[in-house]
Structure formats: C-alpha cells, structure tokens
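Morning, everyone. One structure today, and I'll keep it quick. Have a look at it on the screen first.

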Amino acid sequence: MGYRSDLEARMAKKATKAIVDYAMLDEGDRVMVGLSGGKDSWALLQILDVLRQRAPIRFTLVAVNVDSGYKEYKHGLIASTCSARGWDYRIEHTNIGQTIDDLLDDGATPCSLCARLRRGVLYRIAKEEGATKIALGHHADDFIETLLLNLFFAGALKAMPAKLVSDDGRHVVIRPLVYTGEDEARAYAKECDLPIVGCCCPACGDLGLQRQRTKRLLMELEREHPGVKHSMLKALANIAPRHLLDTRLNPPADLRAMVRLKADTTEPPVSGFSRTLNL
Ligand code: SF4
C-alpha cells in the first residue's frame with residue numbers, strides 16, 4: 001500500500017523515527033489521541049492511522065475531543081468527520097470555559113489554566129477508555145518555541161518531553177510529531193481534507209505577546225539562515241551538561257573529587273589554579 005503523497009511519506013517517516021527514538025509505542029497499546037479539531041491534532045490522528053495499518057506491532061486508536069462548552073464550538077463536525085473515516089472517537093462535554101471565566105481575573109491569560117483542566121479531563125478519560133498512551137499533536141515548532149520562551153522569560157533551559165510519564169506514574173503522554181514542522185502538519189491536514197475547527201474561546205488566536213514575538217523571531221531567523229530551526233531541534237537531543245551552570249548536574253563536590261583524582265595520578269601535575277583553591 002503506497003502513501004497518498006510525498007508529504008504523507010515524509011510525515012510517516014518522521015513520526016516513525018520519533019516513535020522508535022523514544023520507544024513511544026508497544027504491542028497492544030490503545031492510543032488515545034487528544035483531538036482539538038486544530039490542524040496539528042488532525043494531522044497526528046491521520047498519520048497515526050496510516051502507521052497503524054503498516055506497523056509491525058498492533059495498536060488501536062481512539063480520538064478524544066474535550067469540548068470546553070463554548071456555544072459556537074463545532075464538535076458535531078469533529079464527530080461526523082471521525083465517523084465518516086471510521087475512526088473511533090469520543091466527545092467529552094465539559095464546562096471548562098465557564099470555570100476559567102469564574103476563576104480568572106479579567107485580562108489574565110487563560111491558556112495555562114485551560115491546559116491543566118483539559119489535561120485532567122484527558123487523564124480521566126484515558127482511564128475510562130483503557131488507553132495505555134495519550135498522544136498529543138505538539139510539533140517541532142512547539143518544541144523550539146517553548147525552549148525559547150523558557151530561556152527568554154522563565155530563566156529555565158527546557159522545552160517539552162517527547163515522552164512523559166505522569167507524576168503518579170499512571171499515564172504516558174507521547175508527542176509523535178516532535179520531528180514534524182508546523183508547516184507540514186498544516187499542509188497535511190489540508191491535503192487530507194480535514195476540517196479545521198476553531199476552539200471558540202475568547203483567547204483563541206490571541207497568542208500571548210511573548211509567544212507571538214518568539215514565533216516572529218524564529219521566522220525571521222529561519223528566513224535569514226535556513227536550517228536554524230532544525231539546528232535548535234537537534235540541540236535538544238545533544239546537550240552538554242558539563243557546559244551548563246546547573247550545580248544539580250555538576251555538583252561542586254564531584255568537581256573537587258575529579259581534581260583530587262587528577263592530583264593522585266601525579267601526571268599531569270595538579271594545576272596551580274587548583275592549589276590556589278586549596279582543593
Ligand atoms: S486559546 Fe483558549 S482553548 Fe486554547 S489553550 Fe488558550 S484558553 Fe484554552
């Protein structure tokens with residue numbers, strides 16, 4: 001069975017590499033796909049379905065859509081699309097939108113609270129559906145934007161995990177689109193005629209200023225130096241902990257021990273700098 005296009009072949013190759021690199025899937029897995037109705041989650045569901053039919057291991061899929069309760073939200077279109085393509089799905093109606101309105105002050109950014117509430121719903125449904133993995137549609141651009149946002153505004157050197165076991169150890173979250181670009185996910189959802197459904201929340205499309213600025217910066221850099229984004233993604237898998245300043249990674253006691261070890265070997269002699277420090 002061939003792929004429908006070069007794009008699909010590329011998507012399949014990248015998702016397969018992610019699945020293999022991070023041991024995302026096991027024989028008999030039931031994979032619950034978080035389906036918001038946006039381009040990324042559709043692209044993920046479609047490519048996992050393609051892989052499911054070719055993979056050397058058996059796994060099943062169920063798409064789960066968390067409806068936040070906004071009146072205009074077209075969950076019916078999501079349901080009919082899944083149904084027409086023979087995809088197992090579940091629409092979960094919630095009042096997350098109302099809860100956010102009640103809890104947040106006017107002008108506060110709702111996205112992190114929203115994400116937490118939705119994650120809670122997904123974890124509950126995963127248990128009810130007997131899902132062994134939860135697949136989310138974050139792509140390579142999300143990884144590097146998050147890296148820069150944390151670097152610039154949160155004083156932390158971190159992006160997001162390709163595979164994560166929840167704190168209580170009961171859920172495994174996977175992100176098979178880690179190597180896929182946002183532009184590829186967009187083009188693939190379009191090529192497959194998947195209907196993009198906006199989330200309808202008041203913050204939809206109004207990305208925080210910091211995220212907007214970061215996206216623009218990356219776009220400009222990529223235009224000037226094609227390959228910058230690829231290099232950033234590669235860097236996330238190629239870290240040099242000893243060249244960072246985190247003493248949790250480089251405990252000063254370990255460094256002292258290393259210097260002592262060198263001193264014991266006598267060749268080469270312990271440096272004058274170490275003697276000065278009285279190590
Ligand atoms: S844009 Fe709306 S639906 Fe999306 S994460 Fe933010 S609050 Fe939630």
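Start with the layout. The chain splits into two domains: domain 1 covers 6-236, and domain 2 covers 244-276. Their C-alpha centres are 44 Å apart. Keep in mind that this is a predicted model.

Now the overall numbers. We have 279 residues, and 28% of them are buried. The secondary structure comes to eleven helices and six strands. Along the principal axes, the C-alpha atoms fill a box of roughly 75 × 50 × 45 Å. Take the contacts between residues at least 6 apart in sequence: 74% of those join residues at least 24 apart.

Next, a piece of sheet. Which strand pairs with β2 over five bridges? It is β3, residues 89-93, and the pairing is parallel.

Is Gly 69 buried, exposed or in between? Count the C-beta atoms: 16 others lie within 10 Å, so Gly 69 is partly exposed. Burial would take 20 or more. Look at what Gly 69 touches beyond its sequence neighbours within four places: His 93, Thr 94, Asn 95, Ile 96, Gly 97 and Gln 98. As for Glu 92, that residue is 23 positions from Gly 69 in sequence, and the C-alpha to C-alpha distance is 9.6 Å.

On to the ligand. Which residues surround the ligand? Pro 110, Cys 111, Cys 114 and Ala 115 are among them, and so are Cys 199, Cys 201, Ala 203 and Cys 204. By class, that shell is eight nonpolar residues, with no polar and no charged ones.

Last item: backbone angles. Most residues other than glycine have a negative phi. Two residues here go the other way. Cys 200 has a positive phi, near 70 degrees. Its place is the loop between α7 (182-191) and α8 (209-224). Cys 200 has 17 other C-beta atoms within 10 Å, so it is partly exposed.

Then Ala 23, with phi near 45 degrees, also positive. Ala 23 belongs to the loop between α1 (6-21) and β1 (29-34).

Terms used: Residues are numbered from 1 along each chain as its sequence is written. This is a predicted model: local features need pLDDT of at least 70, side-chain atom pairs count only at pLDDT 80 or more; totals for chains, interfaces and linings use all residues. A residue is buried if 20 or more other C-beta atoms lie within 10 Å of its own, exposed if 12 or fewer, and partly exposed in between; C-beta atoms are placed from the backbone. Two residues are in contact if their C-beta atoms, placed from the backbone, lie within 7 Å. Domain bounds come from an automatic or database domain assignment. Helices (H or I, at least four residues) and strands (E, at least two) are DSSP runs, numbered from the N terminus. A residue is near a molecule or strand if its C-beta atom, placed from the backbone, lies within 6 Å of it. Ala, Val, Leu, Ile, Met, Phe, Trp, Tyr, Cys and Pro count as nonpolar, Asp, Glu, Lys and Arg as charged, and the others, Gly among them, as polar. Two strands pair if DSSP finds at least two bridges between them.
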